Amino acid sequence: CIWLVIHGTYRLLGIQESETGFCTHYACHGARLVLLISHGALLLAVASALDRPEEADWFALFTPVWVGDTMCTLLVAMSWVASCPYIALCMEETPTRIA
């Protein structure tokens, strides 16, 4: 079921199955980048709020991390299935041999 959704999405975007081999790699790098940026934004926000901690809105300070962690989780989940079209193409071209 997930394969059909991914396969259809790549077809709509005009991406060939042979071009999806590095999608997992790119999704994992994107997750790392999002994680670093969101936690860096947290550090900057907390550092700026340390002047007056009693007036700090802690929900607003931690929002970048919550949004970043959610995006990171989605990217990691997407990375599990991102290269499925390429793997399926390889399996179609070369039959699986059981020795």
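Mentor: Please keep in mind that the model is predicted.

Trainee: What about the accessible surface of the chain, and how much of it belongs to carbon and sulfur atoms?

Mentor: The accessible surface comes to about 7,400 Å². Carbon and sulfur atoms account for 71% of that area.

Trainee: How many helices and strands does the chain have?

Mentor: There are four helices and zero strands. Read from the N terminus, the order of elements is α-α-α-α.

Trainee: Among contacts between residues at least 6 apart in sequence, what share joins residues at least 24 apart?

Mentor: The share is 75%.

Trainee: Let us turn to helix packing. At what angle do the axes of H2 and H3 cross?

Mentor: The axes of H2 and helix H3, the latter covering residues 58-81, cross at roughly 175 degrees and come within 8 Å. Angles over 145 degrees count as roughly antiparallel, and H2 is therefore roughly antiparallel to H3.

Trainee: Which classes of residue make up that contact?

Mentor: The contact of H2 with H3 has 20 nonpolar residues, along with six polar and one charged.

Trainee: Now a single residue. Where is Ser-38 found?

Mentor: Ser-38 is in helix H2, which spans residues 23-49.

Trainee: Is Ser-38 buried or exposed?

Mentor: Ser-38 is buried, as its relative accessible area is 6% and the cut-off for burial is under 20%.

Trainee: And which residues does Ser-38 touch?

Mentor: Leaving aside residues up to four places away in sequence, Ser-38 touches Pro-64, Val-65 and Gly-68. Those partners have numbers within the 58-81 range of H3.

Trainee: Changing topic, how many disulfides does the structure hold?

Mentor: The structure holds zero disulfides.

Trainee: What are the accessibilities of Cys-28 and Cys-72?

Mentor: Cys-28 counts as partly exposed, at 29% relative accessibility, whereas Cys-72 is buried, with a relative accessible area of 13%.

Methods: Residues are numbered from 1 along each chain as its sequence is written. This is a predicted model: local features need pLDDT of at least 70, side-chain atom pairs count only at pLDDT 80 or more; totals for chains, interfaces and linings use all residues. Side-chain values use heavy atoms; hydrogens and water are left out. A disulfide is a pair of cysteine sulfur atoms within 2.5 Å. Buried means under 20% relative accessible area, exposed over 50%, partly exposed in between (1.4 Å probe, protein chains only). Helices (H or I, at least four residues) and strands (E, at least two) are DSSP runs, numbered from the N terminus. Contact means heavy atoms within 4.5 Å. Axes are lines fitted to C-alpha atoms, for helices over the stretch in contact, and angles run from 0 to 180 degrees between N-to-C directions. Angles under 35 degrees count as roughly parallel, over 145 as roughly antiparallel, 65 to 115 as roughly perpendicular and the rest as oblique. Ala, Val, Leu, Ile, Met, Phe, Trp, Tyr, Cys and Pro count as nonpolar, Asp, Glu, Lys and Arg as charged, and the others, Gly among them, as polar. Accessible areas come from the Shrake-Rupley method with a 1.4 Å probe; for residues, only the protein chains shown count as cover.
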